[in-house]
Amino acid sequence: MRTLFHFPLSPASRTVRLVLGEKRLPFEAIVERTWEKRPEFLALNPAGDVPVLVEDNGLIVPDVHVICEYLEEAYADIPLLGRTLAERVEVRRVVAWFETLFAREVSGRFIDERAMKRLSGRGNPDGGALREAYAAMRPLMKYVNDLAENRNWLGGHFLSLADFTAAAHLSCLDFIGDIDWSKVPAVRDWYARMKSRPCFRPLLNDRVSGITPPDYYTNLDF
């Protein structure tokens, strides 16, 4: 059986889970607490990060970027990068924006301060870091709202890896209750469409010890 080592509040892990689901590729999901530094896991990925995909033939594929490119090449029946060079460039640009700028300034900060510090025993949230994340969040979420307002999907006219990457980051923030959806109505409508896809359902069932998501987290029509 194909196996994915992941963590529920890892946007990178959620991206891969969504892509596997959208491509209709069955897999067994194993939660990996990377801070425990298990030797068995480090043997699979010396970088010590999730996600890590292990194919049923034993092929080990680490890192969200490597995994998504691999899945696009190996299982091309449902393409998620686009067909033309221009489409693929734009999808990759939006993906990179979320994985670098948005992750560094917003999602990575909130997830680490609100959840990962406590889960890994690194103490309490840093109020200053949270204030900086809130300040950075406003203009960045406005940009996402502009994309959602002016396009059918975030990467263009078709559903793509850009949407799944964005949904992975925003769903983690939604889980810890850090998005005011009333301020980004176009993003809210786009996210409702994403939540209604079959591949999204396992994410709505995620639970993390000591963290209770808001009631609307599982509501498809919020």
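How many residues of domain 1 are in contact with how many residues of domain 2? In this predicted model, 17 residues of domain 1 touch 23 of domain 2, contact meaning heavy atoms within 4.5 Å. Local features need pLDDT of at least 70 and side-chain atom pairs count only at pLDDT 80 or more, while totals for chains, interfaces and linings use all residues. Residues are numbered from 1 along each chain as its sequence is written, and side-chain values use heavy atoms, with hydrogens and water left out.

**Domains**
- Domain 1 covers 3-74 and domain 2 covers 85-205, with bounds from an automatic or database domain assignment.
- Their centres, taken over C-alpha atoms, are 20 Å apart.

**Buried area**
- About 1800 Å² is buried between domain 1 and domain 2, 71% of it from carbon and sulfur atoms; buried area is the accessible area (1.4 Å probe) that two parts lose on being put together, summed over both.
- Leu9, Arg14 and Leu18 supply 38% of what domain 1 buries against domain 2, more than any other three residues.

- Two salt bridges join domain 1 and domain 2, each a side-chain nitrogen of Lys or Arg within 4 Å of a carboxyl oxygen of Asp or Glu.
- Glu69 forms a salt bridge with Arg92, with 3.2 Å between the closest N and O atoms.

**Helices on the domain 1 side**
- α1 (11-22) and α3 (64-74) each supply at least two residues of the side of domain 1 that touches domain 2; helices are DSSP runs (H or I, at least four residues), numbered from the N terminus.
- α1 gives the most to this side, with eight residues.
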